[in-house]
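Let's go through this one by asking what stands behind each label.

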Amino acid sequence: MTSRKIRLAIIGLGNMGQHMIRLVNKPEFQPEIELTAICESNDHSRQQCREKYPELKCYADYQLLLDTTDIDLLYVAVPPAFHHDVVSAALRKNIHVFCEKPLANSLDEAKRLLLMAKEAGVVHAIHFSMPHEPAVRQMKKMVAEEAIGAIRKIDLILQFPKWPRDWQHNSWISSRQQGGFVLEVGVHWIHVMQKLFGRITHVQSELEFSEQPDRCEIGVRAKMLIADGVPVQLNGMSEFAGEERVSLVVYGTTGTIALENWSELFAGSIGQPLQPVAADDELGEPTVLKHVIQAIRGEQADLYDFHDGYDAQVVLEALRHPESSQLVDIREHDIHI
């Protein structure tokens, strides 16, 4: 690709769509990328955006946007149920795609999108940002250096006194079909674990639901196995009195590392209290968008593509739709391309 600006369109103006607008308008991205169009089906949100950014083309129909606007990259921030149709339409036009997680709303949809993206030969990226964060990279470094010895067990804790949280205002995030904390938050940690510790090969899951038939889970108890046999325990709950906790705790033969509440890193030797660990800010990486831009320009980029999205979706679907009360081998869904 030439050195001209990359032409971007955004579909979906929820929290992430609004975040992306603010991001691309930062000075560091001005020489690289140009936001040319947005699409939002909600009339009020679309009108607000039109008033704030009058230079943008505004659409209510994503297909009309794709048919009438010359773009290089599409950022997809619509609810998961619409990912398949929107991304498929972009791939058929050989447009690069940057998609919010999860990749799709089912394993079959995720598989189709992965195969389509490979065939289109375009950049296809999932917005998995956590592996780029300093605390996660510090944890990865410590695990690689065997700072706590060999790994014995991993605990993943997802606790939300209230779901959705007060700042999550949309119609789908509490639905059983495409919402819930396992999908919305758990998918991040599934991806992190598979990048730090290896593929998750087996899943056993038990979900707890409220009496409302269309509402998402309010509890999950699950066991998973990493490829080398290390067990992972998932304990998730919502609708209780207390504090939110989102944490990954890694137990080793000589100590423990805990990543508490997304970004607070602690470690300690056996028999000793956990102490804060200062993550080296130099271990942090540029935003995922920067890596997407580099990939489009044919430069070295550290991003996670639709194959990563598919691999996370395999685990996610096994957690959300358990087929058995026993550990299930999910490797039958592996795709080697």
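Predicted model: local features only at pLDDT ≥ 70, side-chain atom pairs only at ≥ 80, totals over all residues.

Q: Among contacts between residues at least 6 apart in sequence, how many join residues at least 24 apart?
A: That share is 69%. As for burial, 53% of the 337 residues are buried, with buried meaning under 20% relative accessible area.

Q: Why is a set of residues called a nonpolar core?
A: Because its members are buried residues of nonpolar kinds, such as Leu and Phe, joined through side-chain atoms within 4.5 Å. The largest one here has 83 residues, with Leu74 and Phe306 making the most contacts inside it. Helix H7 (residues 181–196) gives this core its largest share, 10 residues. There's also a second, separate core of 28 residues, which includes Leu8, Leu35, Leu289 and Ile296.

Q: Which residues is Phe306 in contact with, leaving aside its neighbours within four places in sequence?
A: Among them are Val87, Leu91, Cys99, Leu113, His124 and Ile126.

Q: How do you know that the peptide bond from Lys101 to Pro102 is cis?
A: Look at omega: it is near -10 degrees. Pro102 sits in the loop between strand S5 (96–99) and helix H5 (107–120). The bond from Trp163 to Pro164 is cis too, with omega near 0 degrees, and Pro164 is in the loop between strand S7 (151–160) and H7.

Q: What makes Glu239 partly exposed?
A: Its relative accessibility is 43%. Buried would need under 20% and exposed over 50%, so Glu239 counts as partly exposed. Glu239 lies in the loop between strand S10 (231–238) and strand S11 (245–252), and its phi is near 65 degrees, a positive value in a residue other than glycine.

Q: Why does Trp262 count as partly exposed?
A: Because its relative accessibility is 30%, which falls between the 20% and 50% cut-offs. Trp262 isn't a glycine either, yet has a positive phi of about 80 degrees. Its loop runs between strand S12 (255–260) and strand S13 (264–269).

Technical notes. Residues numbered from 1 in each chain as written. Heavy atoms only, no water. Buried < 20%, exposed > 50% of the residue type's maximum accessible area, 1.4 Å probe, protein only. Contact = heavy atoms within 4.5 Å. Helix = DSSP H or I, 4+ residues; strand = E, 2+ residues; numbered from the N terminus.
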